[in-house]
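Please look over the sequence and the model below, and then read the notes on charged and aromatic side chains that follow.

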Amino acid sequence: PSSRTVMAGVTSTKEIFLSYSRDDAIKPFVASLKHDLEQNGFSVWLDIEDIPDGSDSRACTGISLHSCKGLIAVISNSYVTSRYSTSELYAADADQKHIFPVFIEDVDFQRSQKSMGVKYVIGGLEWLYFRSGFDNYDTSLTKLTKGLKAQGLGAVQDITNKLAGLKVGGLVPSAPPVSVLHNLPPPQYHDIYPNTQESIDDDDDEDDESDGND
């Protein structure tokens, strides 16, 4: 891909990569989850929203996956047999990213070798459930946000949100506040005019010579 295409992917990298099966029935859920997480102070990358038109989708996906800090795997029966979804999960595991399994349905891991591989990767992790008709969405979302924050995700976004709420004289500051150092010693005269001391010394020498001649 061209450098322009790759750079387009870089501009859309986020701290959390949302991995899911590209099943049309799942897309409304992942879009809603992305929105709710962003409302809670996280930056989330989702292919259907963050890949610029006309760019190389694989390059953008690879760069965003490499740059993220954590991956949310939306686990479904189609996910555990998907070539692309499982590749994203395996890549995140290999790069030691934080992985958060989110189940939207009960999954049969015995169905294939690929699905058993998924179970192996997420086996020692905490599983969160967002199954329609079985689990309370808000309760599961709260558990997920707590788990993300426990791993240090969302911290930068939280600071940005707090700064955005600050007002100085009725105006929102355009940059973070700058720390001010107090109790600094006043600047010395020769610090401001570094050549002055040399001139004074030269004058003193000339005066001494004049006194000697007198």
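At 31% relative accessibility, Glu38 counts as partly exposed, a term for values between buried (under 20% relative accessible area) and exposed (over 50%), found with a 1.4 Å probe on protein chains only. This is a predicted model, in which local features need pLDDT of at least 70 and side-chain atom pairs count only at pLDDT 80 or more, while totals for chains, interfaces and linings use all residues. Residues are numbered from 1 along each chain as its sequence is written, and side-chain values use heavy atoms, with hydrogens and water left out.

**Salt bridges**
- The structure holds eight salt bridges, each being a side-chain nitrogen of Lys or Arg within 4 Å of a carboxyl oxygen of Asp or Glu.
- Glu38 meets Lys34 in one of them, at 2.8 Å from N to O, and Lys34 is buried, with 3% relative accessibility.
- Salt bridges with shared partners join Lys14, Lys34, Glu38 and Asp50 into one network.
- Another salt bridge joins the side chains of Lys27 and Asp24 (3.4 Å, N to O), where Lys27 is partly exposed at 27% and Asp24 is exposed at 58%.

**Aromatic rings**
- There are eight aromatic pairs, counted for rings of Phe, Tyr and Trp (its six-membered ring) whose centres lie within 6.5 Å, with planes under 30 degrees apart called stacked, over 60 edge-to-face and the rest tilted.
- The ring centres of Phe29 and Tyr137 are 6.4 Å apart and their planes are at 85°, so this pair is edge-to-face.
- Ring pairs also link Phe103, Phe109, Trp127 and Tyr129 into a cluster, in which both Phe103 and Phe109 are buried.
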